[in-house]
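Subject: Structure for you to look at

Hi,

Here is the structure I promised to pass on. Please open it and keep it in view while you read my notes below.

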Amino acid sequence: MNARVEDYSLMDPVVQSDPKAFYALLHEQCPVYLMPETGMYVVTRYDHVRAVLRDPETFSNDTIAGSGINGDRYRVYAEALRDRGWSHVQTLQRTDPPVHGRYRRLLDQVFNIQTVKALIPRIEAVTNALIDSFIDNGECEFVSAFALPLPGVIIAEQLGLDADNIATFKKWADSILAPAMIAMTEDELRATAEIELEMQHFLADMFESRRREPKADMISALVHADSADDEPLSMHELQNLMHQLISGGYDTVISALANGMWLLLRYPDQLAKLHARPELVKNFVDEALRFESPVQGLFRRATRDVTIAGTTIPKDAMMIVRYGAANLDPEKFACPHVFDIERDNAGAHLAFGNGAHFCVGRLLAKQELLTGFTILLDRLDDITLARPLPEPPHLPNLLLHPMKELHLRFTSTRATSEKTG
Ligand code: HEM
């Protein structure tokens with residue numbers, strides 16, 4: 001029997017974990033898909049996704065995702081921040097041009113190529129230290145032992161936390177993402193708000209101390225970021241920007257590292273090729289971001305009635321731009337379900353978005369992935385799966401693509417060369 005669109009749901013954790021068959025069906029039969037469970041319109045074809053991302057006047061980023069999934073209950077969260085911390089204001093990713101431009105200019109000063117280049121020795125050192133901590137065991141749980149602490153330590157240090165406080169940082173990052181992604185009870189929302197309040201007060205102290213005494217970190221750069229045309233950022237704005245940097249820059253990189261490693265295990269011929277030709281690592285990173293996109297989709301709101309591929313999206317309807325589906329569109333990527341680290345247009349993926357909101361942290365993310373995989377493949381050999389993956393392998397999530405766990409077995413290249421040498 002032929003598969004039908006009605007047989008699938010984007011709310012189904014099995015489909016979220018492996019959406020390829022569903023995306024193929026949508027591309028063919030229903031490129032703009034009205035999700036029956038949420039009433040949101042999902043845009044799936046590459047050209048349409050790109051066009052939506054490049055037209056912020058019609059497709060606005062001014063949405064209220066946090067309250068969206070938790071409806072009225074979100075009030076208790078908002079009130080706690082208002083009374084004892086800093087209410088969320090809309091900055092950067094939640095704004096449209098021209099307001100967006102002010103935040104973006106300031107952020108682009110912080111996340112430029114020079115800042116990222118200066119971080120390379122630290123990314124290398126953290127990568128090596130993490131590998132040192134498990135290499136002699138011959139196995140590890142890759143998500144907790146590597147994928148999570150690498151970006152965690154780098155961002156935490158940039159925020160002025162020391163590496164020993166990484167657990168606190170992980171708690172903050174998980175908590176501030178949760179209200180936008182998970183349906184919660186009022187009590188859970190209250191408890192989560194307390195964690196965000198703890199983070200806000202820590203950051204407020206940090207802003208003040210870096211204002212007085214700047215250091216070579218991201219938080220100092222943000223506090224001192226200004227330009228001739230732009231006002232310095234207020235405390236509310238700084239809080240909201242940090243919220244976005246933490247929520248946007250942590251789980252995404254964890255997911256890219258974990259999914260990237262899993263892809264190499266699923267396609268051992270590609271792993272062997274990468275071992276033999278390490279110069280392919282850059283293209284491998286792009287192909288992995290295309291194939292298992294860490295951000296599968298994000299929200300937009302239609303500002304007027306608009307028709308895409310024959311479907312009319314009414315004014316004020318919520319939409320999901322589905323980067324993950326666009327990256328598997330056969331009209332853009334030949335044989336999209338083949339994982340090919342030599343694909344010549346892998347870099348055309350939309351995993352970092354496009355247009356005004358093109359990921360501000362992409363240079364840092366790519367550097368973490370490049371350095372991480374280069375050193376992992378240099379030091380580890382014979383990498384295989386040590387345990388079958390849970391079914392499904394990913395945590396339930398409508399927008400992101402986090403892996404539950406990934407147990408690896410390997411040998412050390414040093415040990416191999418000592419054996420053969
Ligand atoms: C592999 C890792 C990453 C992926 C896949 C990713 C993905 C994305 C995507 C798809 C967007 C576009 C949002 C939109 O269209 O509205 C975006 C924006 C953004 N990303 Fe990333 N990201 C990653 C890493 C990072 C890192 C490391 C940071 C910061 C430390 C970061 C911070 C941001 C911010 C602040 C925005 C909003 C930019 C704006 O609205 O102008 N991301 N990211």
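Leu376 is buried, because 22 other C-beta atoms lie within 10 Å and 20 or more are enough to count as buried. The residue sits in helix α18. Now find Val295. Leu376 and Val295 are 81 residues apart in sequence. In space, their C-alpha atoms are 24 Å apart. Bear in mind that this is a predicted model.

**Helix α13**

Next, go to α13, which covers residues 235-249. This helix has 15 residues. From first C-alpha to last, α13 reaches 21 Å, close to the 21 Å expected at 1.5 Å a residue.

The buried residues include Glu237, Leu238, Leu241, Met242 and His243. Further along, Leu245, Ile246, Ser247 and Gly249 are also on the list of buried residues.

What do these buried residues pack against? Their partners are α6 (99-110), α9 (149-158), α10 (166-181), α11 (186-212), α12 (218-224) and α14 (251-266).

**Where α10 meets α13**

Take one of those partners, α10. The axes of α10 and α13 come within 9 Å. They cross at roughly 100°. An angle of 65 to 115 degrees counts as roughly perpendicular, so α10 and α13 are roughly perpendicular to each other.

Which residues make the contact? From α10 come Trp172, Ala173, Ile176 and Leu177. From α13 come His243, Ile246 and Ser247. By class, the contact of α10 with α13 has five nonpolar residues and two polar ones. No charged residue takes part in that contact. An α-helix has 3.6 residues a turn, so residues three or four places apart point the same way.

**Around the ligand**

Now move to the ligand. There are 25 residues around the ligand. Of these, Gly248, Gly249, Gly353, Cys359 and Gly361 come nearest. Helices α13, α14 and α18 (362-379) each give two or more residues to the shell. The largest share comes from α13, with four residues. By class, the shell has 15 nonpolar residues, nine polar and one charged.

**Backbone details to check**

Most residues other than glycine have a negative phi, and most peptide bonds are trans.

- Pro97 and Pro98 are joined by a cis peptide bond, with omega about 5°. Pro98 lies in the loop between α5 (74-84) and α6.
- From Glu391 to Pro392 the peptide bond is cis, with omega near -10°. Look for Pro392 in the loop between β9 (380-385) and β10 (407-412).
- Ala309 is not a glycine, yet its phi is positive, about 50°. Ala309 lies in the loop between β6 (306-308) and β7 (311-313).
- Cys335 has a positive phi too, near 40°. Cys335 is in the loop between α17 (323-326) and α18.

Are Ala309 and Cys335 buried or exposed? Ala309 is exposed, with 12 other C-beta atoms within 10 Å. Cys335 is exposed as well, with 9. The cut-off for exposed is 12 or fewer.

Best wishes

Terms used. Residues numbered from 1 in each chain as written. Predicted model: local features only at pLDDT ≥ 70, side-chain atom pairs only at ≥ 80, totals over all residues. Expected span 1.5 Å × (residues − 1). Contact = placed C-beta atoms within 7 Å. Axes fitted to C-alpha atoms, helices over the stretch in contact; angles between N-to-C directions. Parallel < 35°, antiparallel > 145°, perpendicular 65-115°, else oblique. Nonpolar A, V, L, I, M, F, W, Y, C, P; charged D, E, K, R; others polar. Near = placed C-beta within 6 Å.
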